[in-house]
Amino acid sequence: MTFLARRDPTVKLAAVLGISLLLIFIVDPITPALFLVIAIAAALAGGARPTTIARALVPLTMLGMGFVWSNAVFAATQGPATWTIGPVHASESGLRFGLAIAIRGIAIGILSLTFVWTTDPTDLVVSLIRHTRLPFRIGYPLLAGYRFLPFFTDEYAQVRLARRVRGALPRGLLGRGREAVSELVTLLSDATRRATRIAIAMDARGFAAATERTYYREARLAWGDAVFVIGAVIMTTGLLVLSAWVGALRTVLG
Amino acid sequence: MFARAQSLTVRHIGRKRPALHDLDFEWEEGERLLLLGPSGAGKSTLALCLDGLIPHALDAHWESGALTVGGRDTRSAKLAELTRDVGVLFQDPETQLVMLETDDEIAFGLENLGLPRDEMVERVAEARASTGLGPATPRRLDALSGGTKQRVALASLLAMRPRALVLDEPTANLDPIGAREVVTAFAALAMRRERSFLVVEHRLDPLLRFIDRVAVLGEEGRLAFAGDPEAIFMGRAGELDRLGIWQPELAELARLLGAERMPRDVGEAAALLIDRWPRGASVQREDRVFGPITVAARGLVHRYRGDDRDAVTGASLDLHEGEISAIVGANGAGKSTLGLLLAGVLRPSRGTVDVSGDVAYVFQYPERGFLATTVRDELRYAATIGRRIARDPDALLERFGLARLAGANPHSLSHGEKRRLSVASALVTSPSVLILDEPTFGQDLRNTRELVTILREERDRGTTVVLITHDLSLVAELADRAVAMADGAIGFAGPVDELFQRSDLARFGLALPPAADAFARARERDPGVPPLTGLDAARTALAAREAVRA
């Protein structure tokens with residue numbers, strides 16, 4: 001296991017949330033770009049394969065390009081245009097702002113995914129219960145629900161197939177909408193049945209009656225977690241200082 | 001006495017009839033009790049009461065009577081004490097596993113008990129050992145087969161060291177290999193006699209050796225009768241039959257041979273056959289004359305999007321008018337995919353399917369395909385999309401025992417009724433090919449018999465019938481031909497008795513049903529015993545011999 005994978009999930013989650021929150025106040029493109037580089041490095045250090053990262057970058061970048069485009073064009077309708085390409089006017093300040101939002105989004109996206117890639121869901125729930133006082137009566141059902149997700153896509157395909165074979169013929173927009181609702185109702189009644197059974201099975205193993213619950217998984221904070229937090233703080237401060245030193249740093253405060 | 005119910009009446013919320021009605025019931029400490037009853041007789045309700053979930057975690061009307069478990073009155077005892085005493089293994093592995101990994105799952109109940117971590121580690125190891133979950137068992141639950149998941153669920157109960165275990169249809173959702181896995185694990189526990197067991201099950205043959213007593217619930221949630229297995233299965237077969245309760249094949253075989261003792265396993269049944277089978281009594285393979293080819297499949301290949309291997313690979317097959325074929329094989333062998341390709345629901349990646357006429361497909365979970373809000377409209381749905389209604393819907397409702405439910409919502413029906421409705425609405429257009437996916441899955445004896453009768457009628461009308469099934473007893477009774485699949489390919493296609501005589505059945509995830517297994521084993525020692533496929537064939541052989549002698 002890599003250093004990142006061994007870190008306590010709550011600590012990791014706090015770091016990701018903290019850095020993401022900070023990035024929201026930054027409006028230049030260079031600073032989030034620095035963070036993006038670090039995020040990609042962290043993902044690689046956390047054991048993510050380059051192809052996995054590349055595949056995650058594709059949709060994030062497409063979304064980002066949408067931001068860049070709409071901001072550049074939108075800004076040009078408000079102020080003087082910098083460029084005119086055919087019927088399209090765009091402004092440099094808009095482009096800069098769009099780029100900042102886009103790169104910020106990609107950086108936060110890769111940071112969050114790095115968290116997901118290096119965190120075991122069971123560890124996350126146990127750690128949240130023990131370190132953030134998340135009630136176990138919420139945490140464990142969440143975990144049980146997480147198991148459902150793959151069944152859901154499977155079942156949805158089955159329901160659609162079954163209805164199509166019987167001759168469900170959605171015609172027009174209204175018909176399609178009605179068909180989607182019917183499919184959803186069938187799926188939900190299945191899910192309700194499943195959830196009820198799981199709840200019964202959990203209670204049959206003493207979940208409802210549990211008072212002083214103990215944990216099989218350990219969620220002990222290690223020295224490595226302190227090292228990780230200190231490292232994250234130093235790195236964040238360092239990047240901000242670097243960005244300010246080259247004169248790139250712009251925040252919402254000006 | 002471990003548990004005793006006295007005039008117990010429990011009614012579920014929103015139901016008119018009580019699930020348990022004036023029930024008197026006893027379960028001795030250390031006893032291995034088999035609980036039987038038709039569907040809806042209250043078996044699962046009793047299981048939930050024994051665990052204290054009714055009334056502590058699930059609301060129900062406790063109308064009268066009392067239930068004591070482990071010396072405690074379940075209504076005044078604490079749920080924590082009751083769930084510690086009694087563990088319940090439910091039917092579906094998918095809806096009783098809570099965690100993502102094996103060890104976490106086994107520890108879940110121990111965490112609820114508040115045990116220190118060291119003790120949990122010790123008990124997890126102990127529970128894994130007693131259910132045969134070795135180091136090779138994958139860590140992640142989603143990588144396990146159904147049978148292994150069910151063993152993990154069993155281990156998670158054992159770790160809590162309960163005084164008693166209730167197993168509520170533990171193999172009903174599994175294929176034959178998975179069922180055998182669970183029965184083996186249960187047998188090992190039952191042999192050690194360390195706790196009391198109550199088993200609800202309908203594959204009875206493998207359990208006969210491990211059962212001390214049988215209790216039978218009647219139709220109104222009352223105790224019908226109880227006694228030792230031999231007295232019940234040899235002496236009260238007629239009553240069990242009337243109640244629609246599955247019986248062990250081996251006991252029925254023994255009765256056919258006029259024996260008084262019940263064989264407790266296949267070995268004993270084989271010895272009985274060697275001793276008593278009238279030599280010369282056998283069946284000739286019926287050379288049925290089929291009509292012309294209705295479905296011709298050539299070189300079918302299908303790969304689902306995102307998969308890295310073919311679900312069906314190079315399958316060729318001819319189906320005829322008036323022929324019942326059974327597609328058999330392990331889970332994931334490609335049976336359902338082949339069925340969907342034959343039905344034209346899936347398009348093959350390569351290969352062709354030629355069908356003369358139209359195909360109706362009945363899914364394993366019929367409620368997923370219900371499109372109307374009443375039973376009658378469901379049956380007539382074909383007309384609303386422009387298909388021709390070829391049979392009188394009212395006559396079909398009558399034939400399928402659904403006439404009094406014509407105005408009901410299809411989703412409100414029982415399992416058996418839903419299944420019958422889905423078959424009826426497939427037949428309303430009088431299709432030339434009828435494909436059914438796991439038609440007997442979760443069905444009781446009465447529904448299964450009814451289905452067999454209906455499918456025979458269809459065959460005689462000239463319909464091409466295809467069953468996709470794990471149930472080899474059904475195949476032996478009903479099918480003219482078996483198609484066995486392994487890893488997406490058809491590995492065998494031919495008469496059922498020929499399939500049963502193959503030595504590589506396990507390659508297809510199959511195992512001989514108990515009666516056929518007894519014949520096969522008897523024949524190994526005495527070639528004078530014929531290789532019959534099951535009780536149906538045995539009955540035919542004995543009747544034919546009687547006729548000759550008369």
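In this predicted model, chain A and chain B bury about 4,400 Å² between them, and carbon and sulfur atoms give 57% of that area. The figure is a handy one to start from, because the size of an interface is often given as the accessible area lost when the parts come together. On the chain A side, A:Arg166, A:Arg205 and A:Tyr216 stand out: they supply 24% of the area that chain A buries against chain B, more than any other three residues. In terms of contacts, 45 residues of chain A meet 50 residues of chain B.

Nine salt bridges are counted between chain A and chain B. One of the salt bridges joins B:Glu101 to A:Arg217, with the closest N and O atoms 3.1 Å apart.

Which helices of chain A each supply at least two residues of the side that touches chain B? They are helix H6 (121-131), helix H7 (136-166) and helix H8 (172-204). H7(A) gives the most to this side, with 15 residues. Sorted by class, the side of chain A that touches chain B has 23 nonpolar, six polar and 16 charged residues.

Turning to the fold of chain B, four of its strands form an open sheet with antiparallel pairing, in the order S2-S1-S4-S5. Strand S2 (20-27) and strand S5 (72-73) of chain B are the edge strands, as each pairs on one side only. Helix H1 (residues 43-50) of chain B lies across strand S1 (3-12), S2 and S4 of chain B, and runs at about 60° to S2(B).

Further along chain B comes another antiparallel pair: strand S18 (residues 481-486) is joined by five bridges to strand S19 (residues 489-494). Opposite B:Ala482 stands B:Gly494 in S19(B). How many residues lie between S18(B) and S19(B) in the hairpin they form? There are two residues between these strands, and B:Asp487 in the turn has a positive phi of about 50°.

Technical notes. Residues numbered from 1 in each chain as written. Chains lettered and ligands numbered in written order. Predicted model: local features only at pLDDT ≥ 70, side-chain atom pairs only at ≥ 80, totals over all residues. Heavy atoms only, no water. Pairing = 2+ DSSP bridges. Contact = heavy atoms within 4.5 Å. Axes fitted to C-alpha atoms, helices over the stretch in contact; angles between N-to-C directions. Buried area = accessible area lost by both parts, 1.4 Å probe. Salt bridge = Lys/Arg side-chain N within 4 Å of Asp/Glu carboxyl O. Nonpolar A, V, L, I, M, F, W, Y, C, P; charged D, E, K, R; others polar.
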